Amino acid sequence: EPTHPLLQRRLPSPAGAHALFRSPTRGALRALVADHVVRGRIVFPGAAYLETARAVFSAGSSAGAGVALGDVFFLQPLAVGGAAGVQCALAVGGGFEVRSGEAQGGQAELEELEVHCSGRAAAAEAGAWRAVEAGSAQRRCAAAADAGALYSAFAAVGLAYGPAFRTVEAAWAGDGEAA
């Protein structure tokens with residue numbers, strides 16, 4: 001099975017941690033996020049923090065219904081070119097932290113790393129998931145949006161999404177919702 005680009009190497013878990021993974025920012029991780037550019041720098045996307053936490057929880061769990069993330073805080077951006085590695089620690093109680101920094105001797109102490117995102121992970125209840133039928137949401141949203149204009153507006157504020165992050169083909173807006 002291929003290595004998850006955000007969880008490339010499992011490390012021995014320190015006291016109080018259920019799981020600990022580290023990935024270098026070069027190679028597979030950099031290739032995955034290279035098209036997410038903010039003000040001229042490759043920045044780790046918000047969704048990547050969430051996927052990292054989900055994947056770490058799933059790696060150490062047999063929860064079949066999925067993962068519920070909560071109390072998530074995005075604390076500071078992670079410039080991919082400025083960090084040697086990204087590390088995610090899952091505490092025994094379900095708390096997680098996504099950190100970055102230099103690894104000393106192959107493994108950095110958790111206190112030495114910069115925290116970029118924190119939150120809680122738990123097994124999701126099967127009944128908590130509900131399907132959303134995209135067609136009905138689109139019918140409620142009468143105003144069509146121009147996807148090209150959307151990306152132009154992002155670029156105007158410094159968010160330069162490359163081809164890998166230009167996935168919106170069409171969008172509609174309505175009263176308090178979008179499709």
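The structure described here is a predicted model. Thr25 belongs to the loop that links β2 (17-24) and α1 (28-33).

Leaving aside residues up to four places away in sequence, Thr25 touches Arg30, Val80, Ala83, Ala84, Gly85 and Val86. One of these residues, Ala83, is 58 residues from Thr25 along the chain, yet the two C-alpha atoms are separated by 6.8 Å. Val80 also takes part through its backbone oxygen, which lies 3.4 Å from a polar atom of the Thr25 side chain.

### Strand β7 and its neighbours

Strand β7 covers residues 95-101, and six of its seven residues are buried, so the strand is largely enclosed by the rest of the structure. On one pairing, β7 is joined to strand β6 (residues 85-91) in the antiparallel sense over six bridges. Within this pair, Leu90 stands opposite Phe96 of β7. The two strands form a hairpin with three residues between them. Gly94, in the turn, has a positive phi of about 105 degrees.

Strand β7 also runs antiparallel to strand β8 (residues 114-123), and six bridges join them. Here Gly95 stands opposite Arg120 in β8.

### A three-stranded open sheet

Another part of the model is an open sheet of three strands, ordered β4-β3-β10 and paired antiparallel. Its edge strands are β4 (41-42) and β10 (159-161), each of which pairs on one side only. Strand β3 (residues 36-38) is antiparallel to β10, and the pairing has three bridges. Val38 has Leu159 in β10 as its bridge partner.

| Strand pair | Sense | Bridges |
|---|---|---|
| β6 and β7 | antiparallel | six bridges |
| β7 and β8 | antiparallel | six bridges |
| β3 and β10 | antiparallel | three bridges |

### A nonpolar surface patch

Which residues form a nonpolar patch on the surface? They are Leu50, Leu69 and Phe74, and together they have about 240 Å² of accessible area. Phe74 is part of strand β5 (residues 67-74). With 48% relative accessibility, Phe74 counts as partly exposed, because exposed requires over 50% and buried under 20%.

Key
Residues are numbered from 1 along each chain as its sequence is written. This is a predicted model: local features need pLDDT of at least 70, side-chain atom pairs count only at pLDDT 80 or more; totals for chains, interfaces and linings use all residues. Side-chain values use heavy atoms; hydrogens and water are left out. Buried means under 20% relative accessible area, exposed over 50%, partly exposed in between (1.4 Å probe, protein chains only). Helices (H or I, at least four residues) and strands (E, at least two) are DSSP runs, numbered from the N terminus. Two strands pair if DSSP finds at least two bridges between them. Patches are made of residues with over 30% relative accessible area and no salt bridge: like charges are joined within 9 Å, nonpolar side chains (Val, Leu, Ile, Met, Phe, Trp, Tyr) within 5 Å. Accessible areas come from the Shrake-Rupley method with a 1.4 Å probe; for residues, only the protein chains shown count as cover. A salt bridge is a side-chain nitrogen of Lys or Arg within 4 Å of a carboxyl oxygen of Asp or Glu. Contact means heavy atoms within 4.5 Å. A polar contact is a pair of N or O atoms within 3.5 Å; within protein, one must be able to donate a hydrogen and the other to accept it, and residues adjacent in sequence count only if both atoms are side-chain atoms.
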